[in-house]
Amino acid sequence: MSFLEVVRFALRGLSANKLRSALTMLGILIGVAAVILLVAVGNGSARAISDRIEALGTNTITVMSTGRGGSSSTAITKAMADALVDPELAPDVRSVSPVVSASATLTYEGTDHDVTSFVGTTPGWFTASNTPVGRGAAFTADDEAQGRRVVVIGQTVAEELFPGLDPIDQQVTVGGALFTVVGVLDEKSSTGFQDANDTAIAPLTAVRQVLTGYGSLTSILVEAAAPDRVDAVQAQVSVILNQKMDVADGSTTTPYRIQNASQLLETQTETADTFTTLLGAVAAISLLVGGIGITNIMLVTVTERTREIGIRKALGAPRRTILTQFLIEATLLSVLGGALGVAAALIGSSFEIVGVEPVIVPSSVGLALGVSIAIGLFFGGLPAARAARLRPIDALRYE
């Protein structure tokens, strides 16, 4: 008997009980789709977070207060930010942007919009944080020095307050003061948990006058002259801050924390890879369940077709042919279920899942499909071997 005839017999066997075959393929379909989609969700989440980190610029560091340490004051001040612009003590620093941040409500002609991040800073912040202005223009150093009440808004703010209107040169009320919109930021990707476009940026002086007062800064964004000089800048900034905050030499506790964007990106990548692997491993359990389903279905099939097997063996069908037929039946269930699972995963990836846009990993598709085929061969092996071992006389006597 040729291989094509064996395949024809296997297809006939599967079609003899369509509902049972469909349910078995459904288990494989769910397993394959779950593996591909969960890995895609993990990869999409990791990519979104990486984009956010890279958007900050991998040649920057951020200084924030920890509220503890061996100094008399733990506040990060404007004077400390100014001290970091020192060509002798910090030759690798390109720019320093002091930052204050507060939540605020923007109002335009009776329409209110709450912004969780109303930032006050200097013009250099736009370049250092890789936040370009799409329409209009950023405020200038003179605007900051004079405390002019001008603001650059994000895309979400523009859509909420000015639907169908050009927001440039419009005035919004913030904290009881009027701010003139001079620019709109380019759209940024979001993680799904926080809208990166729901923000507003204004001169530091104006924000301190209207919202935050003249106390401590929220953070200081320091831009290195080159990506390979970030570690050097971090060391130079630490020396200056230790002097300003009276931190003892050799102290392991400081009243500030330095966040290195490149180190953060590296750590996040490692964490995301672990998270994605874990999601794939959890989803793979459903594939194992599908394999057990194949074993059960094929055992039932062998039992139901015992007399058929006896007749075929009595007519001279070799053990290899019987074994091959049932292995092909089990493998076909896995292949068809796996193919349908891949199709379902590709369709599902076009929708957001828990606020994350899935990003399909090609290797996960091949791996999930390959594992589903291997599961068909492995879990179909026991029923196939049982069928091949049946003695013709025992099979013919089976009721």
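I looked up the confidence of each element in this predicted model. pLDDT is the predictor's confidence in each residue, from 0 to 100. Where pLDDT is low, the predicted coordinates should not be read in detail. I noted a chain average of 81, with 81% of the residues scoring at least 70.

I recorded the conventions next. Residues are numbered from 1 along each chain as its sequence is written, and side-chain values use heavy atoms, without hydrogens and water. Local features need pLDDT of at least 70 and side-chain atom pairs count only at pLDDT 80 or more, while totals for chains, interfaces and linings use all residues.

I then listed the secondary structure: 13 helices and ten strands. These are DSSP runs numbered from the N terminus (helices H or I, at least four residues; strands E, at least two).

I checked burial and found that 46% of the 399 residues are buried (under 20% relative accessible area, 1.4 Å probe, protein chains only).

I turned to the nonpolar cores, sets of buried Ala, Val, Leu, Ile, Met, Phe, Trp, Tyr and Cys residues joined through side-chain atoms within 4.5 Å. The largest has 48 residues, and F118, I153, V172 and F179 have the most contacts inside it. Strand β2 (residues 93–108) gives the most to this core, six residues. I noted a second, separate core of 15 residues, including I28, V35, I36 and V342.

Key:
Buried < 20%, exposed > 50% of the residue type's maximum accessible area, 1.4 Å probe, protein only.
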